[in-house]
Amino acid sequence: MSAAAEAPRRLARVAMLGNPNTGKTSLFNSLTGLRQRVGNYPGVTVEKKTGVMQLGQGEAELIDLPGTYSLAANSPDERVVVDVLSGHVAGIERPEALVCVVDATNLQRNLFLVSQVAELGIPIVVALNLWDSALKQGLNIKVDDLSMKLGVPVVTTVGRTGQGLPALRAAISQALWDKPAMTRIEWPESARQAEAKLRESIPEEVRNQLKELEVQRLLFDADSPIVDRVGWDREDARRVIDEARQPLWDAGVNPLAAEALFQYAHLKKILDGVIVAPAKEMPRGSESIDGILIHRFWGLVVFVGMMFVVFQGVYAGAGPLMDLIDGAKEWTQDLVRPWFESMPMLQSLVTDGIIEGVGAFMIFLPQILILFLFIALLEDTGYMARAAFLMDKLFNWCGLNGKSFVPMLSSYACAVPGIMATRTIDDPKARLTTILLAPLISCSARLPVYVLLIGAFVEPQLGPVWAGVTLFAMHFLGLFLAMILAFFFTRFLIRTKPQPFVLEMPAYHAPRMENVLFRMYEAGKEFVQRAGTVILAITVIIWALLYFPRPAGLEAEETKAFAAEHARILGLSEEDAAADIAQDEDLGAALQAHIDGAYVDQSLLGRMGKTLQPIFAPAGFDWKITVGVLASFPAREVIVSTLGIIYSLGGDVDEESGDLRQAMRSETWDDGAHAGEKVFNLPVVFAIMVFFALCSQCGSTLAVIAKESNWKWAAFAFAYLTGLAWVGAVIVYQIGIRIV
């Protein structure tokens, strides 16, 4: 076999681009199916999605570029589009053909981007998408005439249903072979002079490497990433570009508006006679529906009801499936445990580390799948845009917009799917801010902590009314602080400039279940592959910190001490007490719980808790509470079972356990200024709840933050939320201890 035959076959590269809300993603999914890969472009947090599509002559790689209205690179997404199309992204060669997805109901505006891209000279296929909506509006688009005037194939498609896909595949194949050149704009003399003047100003070693489109982008967009490739600093770039623009000023054209003026004049000629509007405008059902759905009162009523259904679906609907996964995890642990009976360390690693770690991320799957079921349905029907419009005023004052509401609301069930839901936010800075704030929303994992402490201390001392008020306050606290911090982040940290909330209202459609199910599959697969590995690693690390070291003779010492205490209480000899323990199953379980507590006391995590306890002392925490805080890093609710082990009750206790509540009520300080005093009083209880309400004690959440942004922002989120939680707990305790 020849070397050429053995070499891997190179796939043709095709890029897909278009305006937001053109159905581009649906077309991409239909063309590639499950043969997709998701990652990030090098050096940025912009999502990179590629897939393999089947064409007549074989296969081709399809790159789904971020949605953009133009090549003016004002955001990381738009910069990625420019860099990919000009071949300046590491590991991604310049595309050999482009599929430009345009909205058939708004041709002129959508073709603006296509006309810009035509300057690259890359073969283009125009997918005239949302064709069904155009027909419903009575638009008569002469597709053949449009194709002839543009000089490239034009195919009508409906991404939601897959209509037109065979013709689109055939057109892409033909474009790769024929390489059709799209009709390009004839720039006026003033624009050509300005471009030539700018090209002369570029250093010679760089000038020869820049394509014509790249020089045009410099001329019309001084913030283009091409400035960095030229080697200018921003001040020099603006000076040189301003000088080059002088011919435009001399012709009476404002350079800032020149590209739009010239391009739209060009498109107007192309579209002349191509679109025949109906003599009488067709009634649009969406307008009458919007009369209710975006009404200032009734729209909010419908929205609240809709969000209640979503919230209940995620919060309650996932419950049985989560219980099933938790039960399967426990069943697997019980099944596997006897296999390693003679190897205690390996047994603990497999059952309490690996299987527990797998369960730690698999248990989130039902919430993620149900949330993305609702998101896909709301987006496919067109309602999500209306929801963002309604909530915009609520978030506008703090620098966010209405699209941040659904992720925030979803975070009440779990921050993991809430953070993943930020993908619906177009503005990368607003998305990052929402990601950083989502962990503040009081998720369902905090509920066991609240129930334990409120049931053990607040309700017995203050009554059921204040118990309910406390539970409500804990759920409201995070949202309240999130809004304040959003104001701070958007003005001082991430510094987003206030911008008007421009939103395109898509037409209403019946959702296509194939797309909905694919969106669920994609979200679930991505979470398991990317976040799951990190969560598993974190769980195993915490297991190791709780397991090691295993002091020699500790078990024998604790068994002897337990037997002695049992003998003292019942007035038995130590031999008889030991016999009782050996024969009584409950006493045997109590002994094992006592030994487990001793091992935690001597573990690395236990020693860390004692070392770090002085840091938490201003909040009233003893070393046992501190160990519980550290052990609950993988998941907040772990503190309940950790306290059960520390107080020698075993790790199978829950927040409703009367024994655990009694043990906490009876716990006293061993030494120091508070020796003999109760550890748990109301100030300490409220300090613990505030700490858990604000702290990002969730390895899963941090893993997803890192996936959706990067590890730098995940570390920042952990640091600022931990600091905020510590400050909040200290303030609550110090004020409370002076009042009580």
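Glu 259 is buried, with a relative accessible area of 10%. Its salt-bridge partner is Arg 217, and the closest N and O atoms of the two are 3.0 Å apart. Keep in mind that this is a predicted model. Arg 217 lies in helix H10 and Glu 259 in helix H14, so the pair connects parts of the chain that are 42 residues apart in sequence. Is Arg 217 buried or exposed? Arg 217 is buried, at 2% relative accessible area. Both values sit under the 20% limit for calling a residue buried.

Over the whole structure, the search finds 15 salt bridges.

In one of them, Asp 64 pairs with Lys 24, with 2.6 Å between the closest N and O atoms. Asp 64 belongs to strand S4, residues 58-64, and Lys 24 to helix H2, residues 24-32; the two are 40 residues apart. Asp 64 has a relative accessible area of 8%, which makes it buried. Lys 24 is buried too, at 7%.

In the other, Lys 624 pairs with Glu 667, and here the closest N and O atoms are 3.0 Å apart. Lys 624 counts as buried at 14% relative accessibility, and Glu 667 is buried with a relative accessible area of 12%. There is also a network: Arg 13, Glu 93 and Glu 96 are joined by salt bridges that share partners.

Back to H10, the helix that holds Arg 217. How many of the nine residues of H10 are buried? Eight of them are, so the helix is mostly covered. The buried ones are Leu 213, Glu 214, Val 215, Gln 216, Arg 217, Leu 218, Leu 219 and Phe 220. What they pack against is a set of helices: H4 (107-117), H8, H11 (226-230), H12 (234-244) and H14 (255-271).

Of those, I will look at H8. Helix H8 covers residues 189-201 and H10 covers 212-220; their axes are 10 Å apart, at an angle of about 100 degrees. Angles from 65 to 115 degrees count as roughly perpendicular, and H8 and H10 are therefore roughly perpendicular to each other. On the H8 side, the contact is made by Ala 191, Ala 194, Glu 195, Leu 198 and Arg 199; on the H10 side, by Glu 212, Val 215, Gln 216, Leu 218 and Leu 219. Sorted by class, that contact has six nonpolar residues, one polar and three charged.

Last, the cores. Which residues have the most contacts inside the largest nonpolar core? They are Leu 437, Phe 621, Phe 680 and Phe 691, in a core of 98 residues. H34 gives the most to this core, eleven residues. Leaving aside neighbours within four places in sequence, Phe 691 is in contact with Phe 616, Phe 621, Val 629, Gln 697, Thr 722, Ala 725, Trp 726 and Ala 729. Another core, of 69 residues, lies apart from the largest one, and includes Val 81, Ala 104, Val 154 and Val 206.

That is the end of the talk.

Definitions and conventions: Residues numbered from 1 in each chain as written. Predicted model: local features only at pLDDT ≥ 70, side-chain atom pairs only at ≥ 80, totals over all residues. Heavy atoms only, no water. Axes fitted to C-alpha atoms, helices over the stretch in contact; angles between N-to-C directions. Helix = DSSP H or I, 4+ residues; strand = E, 2+ residues; numbered from the N terminus. Parallel < 35°, antiparallel > 145°, perpendicular 65-115°, else oblique. Contact = heavy atoms within 4.5 Å. Nonpolar A, V, L, I, M, F, W, Y, C, P; charged D, E, K, R; others polar. Buried < 20%, exposed > 50% of the residue type's maximum accessible area, 1.4 Å probe, protein only. Salt bridge = Lys/Arg side-chain N within 4 Å of Asp/Glu carboxyl O. Core = buried A, V, L, I, M, F, W, Y, C linked by side-chain atoms within 4.5 Å.
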